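These are my notebook entries on one structure. I record below what I looked up, item by item.

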Amino acid sequence: MAHERGTDFGLIARNFEQAAATYEQEALVQNAMGSELIAVLARTLKEQGQDLGVLTGLSALEIGCGPGNFTQLLLTSVPGLKRLVLNDLSSRLVEQAKTRVSAQGSCCALETYVGNLACAAAPDFAPCDLIISNATLQWLSDLDAALSRFQALARPHGLLVYSSFLEGTFAELTELLGHSLHYLSADAARACLERHCEVLHFCTKTVVQHFDTSFHLLRHFRDTGVNSLRSEPLSVGQMRRLMLRYEQRYSDAYGAIPLTWQPYFVVARWR
């Protein structure tokens, strides 16, 4: 069984569990990406003479559902989905997402699967017409291998719809720390997709988020669960020195602290 080298998925699950209560309010970039992903899907379908209603009666798998922010948006945007499999590394977050969308009165049949679908044995749920994920797949170091596994969970010619991050994300921290997650270039990500899919839409953007101080930036990482870039935490002294360097190196004329994200959005059809 293949495993993602250098990625501590247990740590990732724990950090996101701890951030569950604050994630919706603090994850501004990820929430905006979710809305844009639905809009990108709608535009792509419209270009093919269809709309989101074409998904009525179909089944979907959401990879990395977290506490259910994007899940709720998905079911509001596509109320006709017949079945939805909620997947996450954390059983607590899967149950939270399930409770959240059940409370909104959706008629969609909900199933759950806890575990890393990129390296787990094939699950026993039925193949899905739509595989969708928002701001999650960047944690996987081998996108090509992950897509091979995801394709086995999809119906032939079903849709793959996701957002994730490219190289240049957290460029400031990468420069200071000397390492980052294994972010792909746009060309590498697209080439990987084209080995498995017909790419219907692929777009990128740059988002720069600003914080009042480096302390606020650190708190943002904690409150969104995005604090798993290192398996070994920095000491208090190391963290203080890092934040001081961050402020000295990157703060703007007004003292604001920038953080750069490079999201990308995909709508594709499995071959």
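**Basis.** I worked from a predicted model, in which local features need pLDDT of at least 70, side-chain atom pairs count only at pLDDT 80 or more, and totals for chains, interfaces and linings use all residues. Residues are numbered from 1 along each chain as its sequence is written, and side-chain values use heavy atoms, with hydrogens and water left out.

**Sheet.** I took helices (H or I, at least four residues) and strands (E, at least two) as DSSP runs, numbered from the N terminus. Two strands are paired if DSSP finds at least two bridges between them. I found an open sheet of 7 strands in the order E3-E2-E1-E4-E5-E9-E6, with mixed pairing. Strand E3 (109–114) and strand E6 (197–204) form the edges; each has a single partner strand, so one side of each lacks a neighbour in the sheet. From one strand to the next, the twist averages 15 degrees. Angles run from 0 to 180 degrees between N-to-C directions, with axes as lines fitted to C-alpha atoms, for helices over the stretch in contact.

I then looked at strand E4 (residues 128–134) and strand E5 (residues 154–165), which run parallel and are joined by 6 bridges. Asn 134 has Ser 163 in E5 as its bridge partner.

**Helices on the sheet.** I noted that helix H3 (residues 28–47) lies across E4, E5, E6 and strand E9 (263–270), at about 140 degrees to E5. Helix H4 (residues 69–77) packs on the sheet and touches strand E1 (59–63), strand E2 (83–88) and E4; its direction makes about 165 degrees with that of E2. Contact here means heavy atoms within 4.5 Å.

For burial I used relative accessible area: buried is under 20%, exposed over 50%, partly exposed in between (1.4 Å probe, protein chains only). The buried residues of H4 include Phe 70 and Leu 74. The helix's buried residues pack against, among others, helix H2 (20–26) and helix H5 (91–103).

**Ser 163.** Is Ser 163 buried or exposed? I record Ser 163 as buried, because its relative accessibility is 0%. Its side chain makes a polar contact of 2.6 Å with that of Asn 134. A polar contact is a pair of N or O atoms within 3.5 Å; within protein, one must be able to donate a hydrogen and the other to accept it, and residues adjacent in sequence count only if both atoms are side-chain atoms. Residues touched by Ser 163 include Met 33, Leu 37, Tyr 264 and Phe 265.

**Arg 241.** I located Arg 241 in helix H10 (residues 236–250). Arg 241 is exposed, with a relative accessible area of 52%.

Key:
Lists of a residue's contacts leave out its neighbours within four places in sequence.
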